[in-house]
Amino acid sequence: MLFFGNKKTGNRVTPPPRPRHQKPVASLKTVRRHQKQEEKRIRELEKGLKDHRLGLYLHIPFCKSKCAYCDFYSLPGHEVRMDAYLKALCANLTEMESSVQARTVDTVYIGGGTPSFFGEKRLKTLLNTIHKTFQLAKDCEFTMECNPESVTPKLIKTVRKGGVNRISLGMQSAQNDELKAVGRPHTFDQVQSAVAAIRKAGIKNLSLDLIYGLPEQSDEDWKHSVEAALALAPEHLSLYALTLEEGTPLWKRRNLVPMADDDALADRYLWAVQRLKEAGLEQYEISNFARPGWESRHNLKYWRGQEYIGFGPSAHSDFGGCRYSYVSDLEEYIDGMVSGTPIVAESEQIPQKERAREYLIFRLRTTEGIDSEEYRHRFRMDFAPLRAKLEEYEAHGWAVRTSPADAASEQGSGEQWHFTPEGFLLSNQLIGGLLEIQESEMVRHSASALREHSSPPKE
Ligand code: SF4
């Protein structure tokens, strides 16, 4: 006898009559065929997920001292909390293990703060935990940020052994007085020693950071720093304009320090773009230059809108369609990992409309730029209004169009557009102009969709 209803109480219900045209029960053969198809689909899905690679960012918030211009989440004088932080960070990594099991990690970036200040033993433990927890691709790009004064041959050998194959070194300037003026705790001699140790340890991928517009820096000083950096033969260079961030010590004494004006900054930038090109370092993003093939694959993930997971206080993630960040507070983060209290400060699902905005904002930072077909395909929007604006920019020498044959884009096969170095200097205004057009297109689409939806059905 069949029972329908609550099995516990056993209230008997008459079975419903069998519909006249009910399909016959599937044969065993059919069930097996469906099962096989389903297994195949799951295998393909898993393969797709594996191919869809992931980046990891780990934040080490400790620094020897605070630089005068810095507004990153970094803490001088907190060495006493390093062990507790290591425990919390490793616990955070392992708790994510099950969520990313099917994914291959192809970039890891340990940033800060000053990761090289975290100490050799702690770094060794951290690197072991990363290897134990995640499935790293054979060709994983594994970057660690270092400051010259905390690089020792032993530390670099240890991290090299632990899988680090790319070092990003905070050189900033070749002039000791400029370094001192912004509170950098190192000299140019220490930069040279650090580079020697990095190369000796067998690290082939070296990136140097430089800052233009440092207090009292002349054009000649800047050129000298660029030449000194080139003499160290890095595979990658990042050039940043000094920005006065509110609340920093430099911002507080902004009226007392002689600073370069916008024209001088633009000249220094354009000179460097040209000089680096001659030296074989191609510009691939507003502030980034590399020998072909040595571009930062991790940072490209941010600009391409690809997925990454961040760990540590203030770290951001873009994973599974959700963007979230952790609290910018070391103690809250450690407490959260110890006692299970929340450590997420903000989280949001990113709607397609926002992704379309970000596509313009981030991709136009790069020389890969935007692709008309990819844009149409991903966001179902017409590219023509954007093209008209880009043609205006092209006439001013701010943007260039490359044919599909000229440019290697990851996806799409339409026309590609990117900014020139002169355009990068104005990128905020130029991207703003494109966003306005995109916004009015979105409004127009929504209005016509609404009209279609509410119009009476045709007779
Ligand atoms: S070393 Fe880097 S993170 Fe630390 S204070 Fe200086 S700029 Fe900030």
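Which residues of helix α7 are buried?

Tutor: This is a predicted model, in which local features need pLDDT of at least 70, side-chain atom pairs count only at pLDDT 80 or more, and totals for chains, interfaces and linings use all residues. Residues are numbered from 1 along each chain as its sequence is written.

The buried residues of α7 are W222, S225, V226 and A229. A residue is buried if 20 or more other C-beta atoms lie within 10 Å of its own, exposed if 12 or fewer, and partly exposed in between, with C-beta atoms placed from the backbone. These four cover an arc of only 95° around the axis, which puts them on the same side of α7; the arc is that of the directions from the helix axis to the C-beta atoms. An α-helix has 3.6 residues a turn, so residues three or four places apart point the same way. The face turned away from the buried side of α7 carries the exposed residues E220, E227 and A231.

Helices (H or I, at least four residues) and strands (E, at least two) are DSSP runs, numbered from the N terminus. Helix α7 covers residues 219–231, and its 13 residues should span 18 Å at 1.5 Å a residue, which agrees with end C-alpha atoms 18 Å apart. The expected span is 1.5 Å times one less than the number of residues. Just after α7, A233 takes a positive phi of about 50°.

The cover over the buried residues of α7 includes β6 (166–172), β7 (205–212), β8 (236–241) and α9 (262–278). Contact here requires C-beta atoms, placed from the backbone, within 7 Å.

In strand β4 (residues 104–112), 8 of the 9 residues are buried. Strand β1 (residues 54–60) pairs with β4 in the parallel sense over 7 bridges, where pairing requires that DSSP finds at least two bridges between the strands. Within that pairing, L56 has V108 of β4 as its bridge partner. Strand β5 (residues 135–146) also pairs with β4 in the parallel sense, over 6 bridges, and E141 in β5 is the bridge partner of T107.

Strand β14 (residues 344–349) is hardly covered, with a count of 0 buried residues among its 6. Its pairing with strand β13 (residues 322–326) is antiparallel, over 5 bridges, and S325 has E346 in β14 as its bridge partner.

Key:
Two residues are in contact if their C-beta atoms, placed from the backbone, lie within 7 Å.
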